[in-house]
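User: I am new to this structure. Please show me how to read it, one feature at a time.

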Amino acid sequence: MKMTFRWFGEGQDTITLQEIRQIPMMTGVVTSLLDIPAGEAWQEERIRAMKETVSGAGLDVEVIESVNIHEDIKLGLPSRDEKIENYILTMERLAKYGIKCICYNMMPVLDWARSHLYYNLPDGSNTMRYEAAFIKNLSPEELAARYAAESGEYELPGWEPERLKNIRKLLDAYEGMKEETFYANMKYFLDAIIPHAERLNILMAVHPDDPPQPIFGLPKLIISRDNVRKYLDLHPSKFNGLTLCTGSLGAKKGADIPAMIREFGGEGRIHFAHVRNLKFENETDFYESAHPTPCGSLDMFAIMKAFHDTNFRGWIRPDHGRMIWNEEKQKRRPGYGLYDRALGATYLQGIWEALGRG
Ligand code: DNO
């Protein structure tokens with residue numbers, strides 16, 4: 001596996017590439033060009049500049065997280081073809097600069113959602129939390145406003161205030177949409193792009209829906225083993241693969257993450273992994289804990305062992321961390337502080353080394 005760290009890009013992150021490079025055994029970053037709206041082709045000049053900045057700091061960039069899917073594609077509107085063409089153009093330009101994997105998601109309208117971005121834990125750290133009832137009592141506009149107020153100067157991916165001005169229209173567009181229609185729209189997209197992924201040698205890695213339960217009445221499809229299976233079967237190429245996110249799929253109580261890793265990883269369909277822990281508070285609610293097994297509800301050893309046993313050679317990154325050591329004052333992005341994620345990365349590397357040595 002190749003250990004990487006998420007970096008939001010120049011001017012988009014208060015964590016520096018040098019700090020990331022100093023994390024033991026860190027090989028590279030996964031990043032994006034956040035200011036380019038979904039549906040537009042990424043300019044080659046921007047990609048080149050990003051690549052140069054990262055390699056100038058002694059790090060690799062082989063994974064993009066994310067190239068987002070325009071809503072017209074998910075909704076299956078006639079205007080999707082133009083957006084798909086731009087997506088392929090972006091893939092072509094990324095391939096030219098050594099990108100080997102693209103992470104994206106099929107979540108309608110929004111990206112991940114939490115009820116609290118800074119939830120205080122007894123040890124004085126704070127973390128993100130999901131409380132189903134809390135969200136149920138909010139309108140999407142209210143939740144978006146909370147995020148905008150709490151996340152300070154940053155726009156959270158998927159929650160850009162400009163885009164969310166139309167949130168009602170977007171939500172209405174999904175009303176009554178049948179699950180099968182949504183799958184058909186996803187298949188249309190995959191059939192269009194996967195042959196290009198094969199040609200360009202870019203592994204496509206869909207990220208599961210987070211959290212794995214419907215919010216605001218939106219269809220949430222990629223939330224369980226069966227749905228992942230269905231998505232991968234929409235196009236059988238191994239270039240149609242998965243970002244195995246333990247914190248997303250694992251937020252459904254009872255989900256057997258190691259079994260999913262063995263199944264999909266055994267077939268060579270897991271290209272990228274987000275590995276983190278979470279602590280259930282009841283059937284639906286949880287907070288994001290530190291990575292080690294005893295801190296949360298997921299068995300991190302069993303997860304890493306499943307990756308090891310299936311000979312995982314893709315990219316992995318520690319996922320959300322808590323804010324610790326007064327870090328909340330340093331304008332980090334929610335879930336994306338430096339210290340707890342760095343601790344997570346070294347913990348995962350430690351398990352990996354132990355597994356390798358038997
Ligand atoms: C949350 C992330 C997601 C992820 C996208 C992938 O922190 O895991 O926002 O980047 O869903 O497209």
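Analyst: We will take the features in turn, starting with the core. Note that this is a predicted model.

User: Which residues of the largest nonpolar core touch the most other members?

Analyst: A core is read through its contacts. The largest nonpolar core here has 92 residues. C101, I102, I202, M204, A205 and I303 touch the most other members.

User: What is I303 in contact with, leaving aside its neighbours within four places in sequence?

Analyst: I303 is in contact with T246, I257, P258, I261, V275 and L298, once neighbours within four places in sequence are left aside.

User: How many bridges join β9 to β12?

Analyst: There are 4 bridges between β9 (residues 270–275) and β12, and the two strands run parallel.

User: Which way do the residues of β12 point, and are they buried or exposed?

Analyst: W315 and R317 point one way from β12. I316 and P318 point the other way. All four are buried.

User: How do I read a helix? Which residues of α10 are buried?

Analyst: Start with the turn. An α-helix has 3.6 residues a turn, so residues three or four places apart point the same way. In α10, the buried residues are V228, Y231 and L232. Seen down the axis of α10, these fall within an arc of 95°, so they line one face of the helix. On the other side of α10, D226 and D233 are exposed.

User: What do the buried residues of α10 pack against?

Analyst: They pack against α9, β7, β8 (240–245) and α12 (257–266).

User: Which residues are around the ligand?

Analyst: List the shell, then sort it by class. The residues around the ligand are E65, S66, C103, Y104, N105, D111, W112, P157, H207, H274, H320 and G335. By class, the shell has 4 nonpolar, 6 polar and 2 charged residues.

User: Which strand gives the most to this shell?

Analyst: Strand β4 (residues 101–105) does, with 3 residues.

User: Where is there a cis peptide bond?

Analyst: Look at omega. A value of about 5° marks the cis peptide bond that joins E65 and S66. Both residues are also among those around the ligand. S66 lies in the loop between β3 (60–65) and α3 (71–75). The peptide bond from D210 to P211 is cis as well, with omega near 0°. P211 sits in the loop between β7 (203–207) and α10 (225–234).

User: What is phi of N201 near?

Analyst: Phi of N201 is near 60°, a positive value in a residue other than glycine. N201 is in the loop between α9 (179–200) and β7. N201 has 11 other C-beta atoms within 10 Å, so it is exposed. N311 also has phi near 60°. N311 belongs to the loop between α13 (300–309) and β12 (315–318). With 10 other C-beta atoms within 10 Å, N311 is exposed.

User: Why does Y339 count as partly exposed?

Analyst: Count its neighbours. Y339 has 19 C-beta neighbours inside 10 Å, so it counts as partly exposed. A residue needs 20 or more to be buried. Y339 is in helix α14 (residues 339–356).

User: How many residues apart in sequence are Y339 and R322?

Analyst: They are 17 residues apart in sequence, and 8.3 Å apart in space, C-alpha to C-alpha. Leaving aside its neighbours within four places in sequence, Y339 is in contact with I324, W325 and E327.

Note on methods:
Residues are numbered from 1 along each chain as its sequence is written. This is a predicted model: local features need pLDDT of at least 70, side-chain atom pairs count only at pLDDT 80 or more; totals for chains, interfaces and linings use all residues. A nonpolar core is a set of buried Ala, Val, Leu, Ile, Met, Phe, Trp, Tyr and Cys residues joined through C-beta atoms within 7 Å. A residue is buried if 20 or more other C-beta atoms lie within 10 Å of its own, exposed if 12 or fewer, and partly exposed in between; C-beta atoms are placed from the backbone. Two residues are in contact if their C-beta atoms, placed from the backbone, lie within 7 Å. A residue is near a molecule or strand if its C-beta atom, placed from the backbone, lies within 6 Å of it. Ala, Val, Leu, Ile, Met, Phe, Trp, Tyr, Cys and Pro count as nonpolar, Asp, Glu, Lys and Arg as charged, and the others, Gly among them, as polar. The arc is that of the directions from the helix axis to the C-beta atoms. Two strands pair if DSSP finds at least two bridges between them.
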